[in-house]
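I opened the notebook to record what I looked up, chain by chain. These are my entries in the order I made them.

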Amino acid sequence: MKIGTMNDLTRFLIFAVVILAMPVWLDPLGGNYPDLLQKFAIYGIFAIGFNILFGLTGYLSFGHAAFLGVGSYAAVWSFKLFTMNAIPALMFGVLFAGALALIIGFLSLRRSGIYFSILTLAFAQMSYNLAYSVLTPITNGETGLQLAQSDPRVIDNMFVEASAGLPSTNLFGLTMSGYPGFYFCAALLILGFFISMRIFRSPFGLMLKGIKSNQNRMMYTGLNTRPYMLTAFVISGMYAGLAGSLLAITDPLAGAERMQWTASGEVVLMTILGGVGTLVGPMIGAGLIKYFENIFSAFNDTVLAEMFSYLPDALVELVVPVVGLFVGSGWHLTLGLLFVVVVIFLPGGIVEGVDKLVKFIRNREKNVGGKVTPQDQPGE
Amino acid sequence: MDAVFLQILNGLDKGAAYALIALGLTLVFGTLGIVNFAHGALFMLGAFCAVTFNKMLLISTKILDPTVTLFKAYKEKPYLEIWFPDVGPVLVDYSVPLSILLAIPVMLLIGFILERGLIKHFYSRPHADQILVTFGLAIVIQELIKAVFGANPIPQGAPDILAGSAAVGSWIGLGENVVYPWWRLIYLSFSGIIIFGVFAFLQFTTYGMVVRAGMRDRETVGLLGINIQKRFTIVFSLATAVAGLAGVMYTPILPPDYHMGMDFLVLSFVVVVVGGMGSLGGAVLAGFLLGIVQSFASMTEVKAILPGIDQIIIYLVAVIILLVLPRGLMGRAGVMDD
Amino acid sequence: MNDLVLHLDNIQKNFGGLSALSDVNLQVEEGTTHAIIGPNGAGKSTLLNVCIGRLKPDAGHVTFYGEELTGRKPHEIAQMGVARVFQTPEIFPEMSLLENVMLPAFSKRDGAFSMNAHKLLSRQGDIRDEAEHILEDVGLQEQMMTEAGSLSRGDKRRLELGMCLILKPRLLLLDEPTAGMSRHDTNSTIDLLKKIKSRGMTKVIIEHDMHVVFSLADKVSVLARGQIIAGGTPEEVREDPKVKEAYLGGAH
């Protein structure tokens with residue numbers, strides 16, 4: 001771990017440029033749709049925030065989807081009650097998610113290890129079940145929370161007459177769909193990345209790493225780990241709330257399925273796929289998963305049959321159903337396999353994999369003609 | 001009094017399923033030290049063993065429908081009924097209990113393959129990695145089942161003779177309206193036998209003795225020169241089979257679908273934690289207890305006072321127990337304390 | 001001002017009916033190095049654990065400069081100025097040596113919790129200087145940027161000592177600081193501890209190695225079967241027949 005700012009500044013600038021230029025370089029890759037780009041940015045925020053907790057402290061939360069969901073609900077309510085402007089929605093999302101994280105974190109952090117994971121999971125499932133049942137007046141149950149013509153929208157109605165159709169979300173008049181929506185999310189992603197980087201490089205971040213590394217030493221060094229953990233938990237919950245509110249800003253509805261534990265599992269996968277505890281890893285993981293989800297889900301048997309049309313007919317009949325298992329609605333199967341493969345072979349994620357590859361190549365260059373030293377086993 | 005008794009009965013069968021899954025989870029955790037998030041998927045696989053068996057019995061051919069005389073009509077008739085007109089329909093009727101015969105070898109084999117192929121590489125990895133890899137495995141299993149059997153629940157019938165309800169109330173001197181479906185009664189007894197069997201296996205066989213010793217102190221048992229690896233495989237297969245059988249027998253109560261594993265897993269983990277990580281007795285106790293608690297929470301009278309309580313009661317109990325009794329109801333010191 | 005740094009008053013600790021410590025009284029004076037020796041299983045580590053709040057005594061009190069320690073949380077006791085070097089070094093293996101030492105420096109400066117997420121580590125020049133200085137003291141300045149987990153056992157111990165020293169503790173507890181070390185490492189550790197001693201830091205040291213005890217300690221207390229059976233200067237203790245009996249008698 002190097003301590004230096006110059007390095008980080010370049011890293012940050014590269015990150016910002018790469019994110020903002022996504023419409024350009026994703027075009028040849030078939031990923032240049034505003035909807036998809038928004039998803040990249042939003043889930044990037046979610047994963048980066050999750051990584052502040054899991055990556056730095058090693059506490060595996062299986063309930064972060066609850067904060068995502070609460071962020072969405074809060075944002076939609078802000079649209080319904082006050083204004084279609086994105087800023088208050090975003091603030092409500094972050095605020096409510098943060099408050100929920102404070103409560104859940106306060107209770108869950110009394111335990112560590114697997115108990116912590118189960119507690120967070122239990123709280124998230126509770127939120128999910130409540131959203132589906134008793135809280136229906138707030139969440140609109142299975143249908144999901146949507147905008148309606150009859151919503152009060154107090155602030156908006158003070159200034160303009162309500163128009164005939166449903167109003168769209170906006171940022172002081174700029175409609176938050178399509179590319180403007182993406183750039184809004186991207187700006188927040190870059191901000192989120194910057195904050196995460198500052199946390200990683202701060203004394204606070206050092207404390208969190210200390211908690212992951214050796215809690216005993218932390219205690220006997222005079223540090224109270226509980227408030228550090230709680231702060232990290234709330235911060236990452238607020239990131240999730242931000243991501244949730246952005247989901248609602250780009251598409252103003254909120255459903256309870258966003259809080260299900262499979263959604264919590266997804267953000268875990270994004271983080272470990274990219275690289276737990278690394279700065280850019282979670283973004284890479286989120287991007288890859290959303291990208292392949294988009295690509296893979298689009299396939300169906302007809303498309304596949306066309307793709308493999310150069311093969312002999314008998315082979316096509318064999319290949320298409322097999323490949324078909326993994327694409328389209330079978331995308332989750334691929335996701336599960338990916339999960340297993342990454343955990344087994346690449347516990348450090350893509351970032352570590354690339355690091356190793358670079359080291360390996362450098363070593364080879366150094367030892368031209370000599371023996372190549374075997375690489376270290378994946379760290380645990 | 002009648003109502004209370006009825007709620008207890010109603011809670012028992014769900015509790016029995018929790019207890020069986022939690023028992024396997026605890027066994028695997030206690031001996032192998034593995035946190036297995038795929039255990040619910042194994043329960044689901046068991047249920048689909050029953051579905052498969054039923055489908056196998058019903059492999060049909062088209063025959064002329066003799067009841068339609070005006071024109072040639074065809075209908076499907078299972079080969080089984082054509083070949084064995086007497087026994088065939090009976091076999092189909094009893095397909096769920098009979099599928100145990102299929103489920104036992106299949107589940108043991110699945111357990112064996114999983115342990116040898118995947119789980120054994122994770123003994124020394126952190127719990128977080130174990131959670132992640134078994135979570136991935138659970139998704140894989142669930143999606144494969146979805147791909148093969150579709151997304152909709154597939155109802156399985158109990159044998160006709162067990163279709164009605166038992167007048168449990170009048171047996172023990174309670175009201176006439178205390179009735180309990182026969183199949184649930186069977187499920188309860190079946191669970192009792194399995195739980196008893198597992199405990200007897202651990203208590204009275206040398207194998208079981210070593211497993212119990214291993215749950216207390218894995219290193220020492222390893223040092224004694226006992227082939228721990230082999231026993232791990234057997235324990236994992238056993239736990240898989242227990243989960244599978246629990247799944248088979250549960251099919252008439254709940255039509256199996258691909259995500260039932262996940263639904264039960266989360267609850268079963270909560271059960272394990274409430275019972276105390278690594279305590280077999282605790283897992284069984286907590287399973288039944290939470291089943292009953294959940295059943296009481298679903299009473300209309302209770303819901304009138306605390307709306308929605310039935311949805312969250314298990315989690316709520318879990319949270320309270322974990323915060324008050326860090327080691328669960330019967331957990332030992334030193335297990336997962338970190 | 002009480003010049004009694006540590007005062008153990010009738011400490012009693014049982015483990016499930018087994019008495020680990022019974023009626024232990026101990027007084028450590030300011031600026032001294034106080035060694036606690038005794039045969040295996042005498043309760044030495046239990047004694048240290050009681051001092052730092054890891055274990056709660058069943059009866060009796062521990063006071064530190066007249067303030068009650070019993071019942072306080074470990075981090076509170078550490079903040080009061082009690083630091084401990086463990087038998088197996090407790091360090092942060094994934095971090096660089098520099099970070100290992102900087103972390104306690106923040107604890108010393110900012111307290112048990114401080115919301116310092118907006119600051120940059122690289123801007124903490126004073127802390128870094130201090131950390132480098134300490135690493136120089138313990139002779140590890142050259143490996144400043146290496147990962148602590150890759151150090152030898154002896155170096156890990158030196159690092160841990162550095163992590164405690166940067167806390168500028170009023171009392172340093174050392175649990176067998178030379179256990180499992182080579183002769184060479186042991187001697188360099190003794191030198192290091194002597195260097196600290198010259199700064200007047202109060203220390204309690206648990207040790208098996210008599211060579212270490214006699215080169216460092218001003219006072220020695222002998223613990224056997226959970227009780228203090230003798231105490232005094234190293235020379236007095238060496239001549240005490242009870243001590244010989246405890247060691248030789250216990251060795252059979």
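Predicted model: local features only at pLDDT ≥ 70, side-chain atom pairs only at ≥ 80, totals over all residues.

**Entry 1: domains 1 and 3 of chain A**

The C-alpha centres of domain 1 and domain 3 of chain A lie 35 Å apart. I then looked up how they touch. Domain 1 of chain A puts 10 residues into the contact, and domain 3 of chain A puts in 4 residues. On the domain 1 side, α13 (261-274) and α14 (281-298) of chain A each supply at least two residues. I sorted that side of domain 1 of chain A by class as well: 5 nonpolar, 5 polar and no charged residues.

For the bounds, I noted that chain A is divided into domain 1 (5-297), domain 2 (299-345) and domain 3 (349-380).

**Entry 2: chain A as a whole**

I found 18 helices and 4 strands in its secondary structure. Its C-alpha atoms fill a box of roughly 80 × 70 × 40 Å along the principal axes.

Of the 380 residues in chain A, 51% are buried. Then I turned to contacts between residues at least 6 apart in the sequence of chain A. Of these, 77% join residues at least 24 apart.

**Entry 3: where chain A meets chain B**

I moved on to the neighbours of chain A. In the contact with chain B, 36 residues of chain A meet 35 residues of chain B. Which helices of chain A each supply at least two residues to this side? I listed α6 (113-132), α13 and α17 (331-345) of chain A. Of these, α6(A) gives the most to the side that touches chain B, with 12 residues. By class, I read 23 nonpolar, 10 polar and 3 charged residues on that side of chain A.

**Entry 4: a strand pair in chain B**

In chain B I looked at strand β1 (residues 60-64). Is strand β1 of chain B buried or in the open? Of its 5 residues, the number buried is 0, so β1(B) lies largely in the open. I then searched for its partner. β1(B) pairs with strand β2 (residues 74-78) of chain B in the antiparallel sense, over 5 bridges. I picked out one bridge: Ser60(B) has Pro78(B) in β2(B) as its partner.

**Entry 5: the sheet of chain C**

Chain C has an open sheet of 6 strands, which I traced in the order β6-β7-β8-β3-β9-β10. The pairing in this sheet is mixed. Its edge strands are β6 (82-85) and β10 (227-232) of chain C, each pairing on one side only. On average, neighbouring strands of the sheet are turned by 20° against each other, direction ignored.

I looked more closely at one pair. Strand β3 (residues 33-37) of chain C runs parallel to strand β8 (residues 202-206) of chain C, and 4 bridges join them. Here Ala35(C) stands opposite Ile205(C) in β8(C).

**Entry 6: the domains of chain C**

I found two stretches in domain 1 of chain C, 1-81 + 169-252, while domain 2 of chain C covers 93-167. Their centres, taken over C-alpha atoms, are separated by 26 Å. Each domain brings 11 residues to the contact. On the domain 1 side, α2 (74-80) and α6 (183-197) of chain C each supply at least two residues. The largest share, 4 residues, comes from α6(C). That side of domain 1 of chain C has 6 nonpolar, 4 polar and 1 charged residues.

**Entry 7: where chain C meets chain A**

Last, I looked up the contact between chain C and chain A. It takes 32 residues from chain C and 27 residues from chain A. On the chain C side, α2 and α3 (97-110) each supply at least two residues. I noted that α3(C) gives the most, with 6 residues. By class, this side of chain C has 19 nonpolar, 8 polar and 5 charged residues.

Key:
Residues numbered from 1 in each chain as written. Chains lettered and ligands numbered in written order. Buried ≥ 20, exposed ≤ 12 C-beta atoms within 10 Å, placed from the backbone. Pairing = 2+ DSSP bridges. Axes fitted to C-alpha atoms, helices over the stretch in contact; angles between N-to-C directions. Contact = placed C-beta atoms within 7 Å. Domains from an automatic or database assignment. Nonpolar A, V, L, I, M, F, W, Y, C, P; charged D, E, K, R; others polar.
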